[in-house]
Amino acid sequence: MLALVRDLFAQHRKALIVEATLILKNIWEAEDVVQDTFEVILKGGHLSKVEPDKYHAYLYRAVRNNCLSTQRKAVADKRKKDRFEETEPRFEPGEMLEAWDTRQRLRDAVKALPEQRRLAFEKTYLEGKPHRQVALEMELKLETVKSHIKIALKNLRDRLKHLR
């Protein structure tokens, strides 16, 4: 399977990058998407479910779908960033010390969480990763990650309720 994917990559890489660049308008991002697509195909063994005469169409469809997913993620990330900037607190000079104190208490509260719970919380809320990706990275079930995050939020609320 590795040899087949390697051959397909060598054979179709440049054309797929051109195709992805047409969608994403960025050659560097296009190269990343093509590389990621082949990585997923290799790790998932997806080609074993495809007839050999349809490899070409499958690769183009997979790259196109990943380009569209990349675009959707970029739009969602921009929306989150814009929302954050809209709601970003504006402090008067006298309030800065209080804000720093609050941040330190929040950092301490997060550090006090058990390791798995802290990692799940940080990856989801601080790194902005979806639950499914966090579950894969931590090699846990999706429900376990969701449970860790739910309990972490409850712990943080309880520990920081005096800040409200």
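L4 counts as partly exposed because its relative accessibility is 30%, where partly exposed lies between buried (under 20% relative accessible area) and exposed (over 50%), with a 1.4 Å probe and protein chains only. L4 lies in helix α1, residues 2-24, helices being DSSP runs of H or I with at least four residues, numbered from the N terminus. This is a predicted model, in which local features need pLDDT of at least 70 and side-chain atom pairs count only at pLDDT 80 or more, while totals for chains, interfaces and linings use all residues. Residues are numbered from 1 along each chain as its sequence is written, and side-chain values use heavy atoms, with hydrogens and water left out.

**Salt bridges**
- The whole structure holds 8 salt bridges, each a side-chain nitrogen of Lys or Arg within 4 Å of a carboxyl oxygen of Asp or Glu.
- K73 pairs with D77, their closest N and O atoms being 2.9 Å apart, and both residues lie in helix α3 (residues 55-87), 4 residues apart, about one turn of the helix.
- K73 is partly exposed, with a relative accessible area of 48%, and D77 is also partly exposed, at 34% relative accessibility.

**A link between α5 and α6**
- E137 and K123 form a salt bridge through their side chains, at 3.0 Å from N to O.
- E137 lies in helix α6 and K123 in helix α5 (residues 115-126), so the pair ties together parts that are 14 residues apart in sequence.
- K123 is buried, with a relative accessible area of 16%, whereas E137 is partly exposed at 36%.
- K123 and E137 also belong to a network of salt bridges with E127 and K129.

Methods
Helices (H or I, at least four residues) and strands (E, at least two) are DSSP runs, numbered from the N terminus.
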